[in-house]
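Subject: Model handover

Hello,

Here is the structure for your files. Notes on its charged pairs and backbone angles follow below.

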Amino acid sequence: MNYARIVNDQAVDISTDPASQFHPDLAAEFVKVPEGVKRGWLRAADGTWFAPADPVPTEPEPERPAVSPVEFKLLFTSAERVKLKELRATDPILDDFWSIVDDPRATQIRLSLSSTQQGVGYAVQELVTAGTVASADADTRIAEILSGTMQ
């Protein structure tokens, strides 16, 4: 005979003898379940049990290289670099991001860092607002830049 402790219609603990394996307060939460029910199985509204669906595998994040500050700037087109330089004068967020890139102590820009990815995303959105990058091309440009592949 199998017993399960059920939380939100999911078997969270399985036992053949909960009284001997769990504290009495916890053992009291166990109910009889059909043979074969395993930890993680779900109970349907009609009382039948089923295994949860296998998780859909997610695609791993692409490998993102580290590049030198000059190589990082070269990931942007000439028109993009010129516009970003102009926008820095009035945009403190862009200025902050590019000042980190320009810091003489910086030897590499790690494209895998979320802060780098956020900075690139912000820069490209500002280029869209300025009309340098088409709105429909923004996601593509972000992906191209973060791939580390020179244009």
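A salt bridge here is a side-chain nitrogen of Lys or Arg within 4 Å of a carboxyl oxygen of Asp or Glu. By this rule the count comes to ten salt bridges.

This is a predicted model, where local features need pLDDT of at least 70, side-chain atom pairs count only at pLDDT 80 or more, and totals for chains, interfaces and linings use all residues. Residues are numbered from 1 along each chain as its sequence is written, and side-chain values use heavy atoms, with hydrogens and water left out.

Helices (H or I, at least four residues) and strands (E, at least two) are DSSP runs, numbered from the N terminus. Buried means under 20% relative accessible area, exposed over 50%, and partly exposed in between (1.4 Å probe, protein chains only).

Loop between β1 and β2:
- N8 is found between β1 (2–7) and β2 (10–15). It has a positive phi of about 55° although it is not a glycine, and it is exposed at 73%.
- D9 lies in the loop between β1 and β2 and has a positive phi of about 60°, again without being a glycine.

Salt bridges:
- D9 pairs with R43, with the closest N and O atoms 2.9 Å apart. R43 is in strand β4 (residues 42–43), 34 residues from D9. Relative accessibility is 37% for D9 and 31% for R43, so D9 and R43 count as partly exposed.
- D13 bridges to R5, the closest N and O atoms being 2.9 Å apart; both residues are buried.
- D102 and R88 meet at 2.7 Å, N to O. D102 lies in helix α5 (residues 92–102) and R88 in helix α4 (residues 78–88), so the pair ties together parts 14 residues apart in sequence. Salt bridges that share partners join K73, R88, D95 and D102 into one network.

Regards
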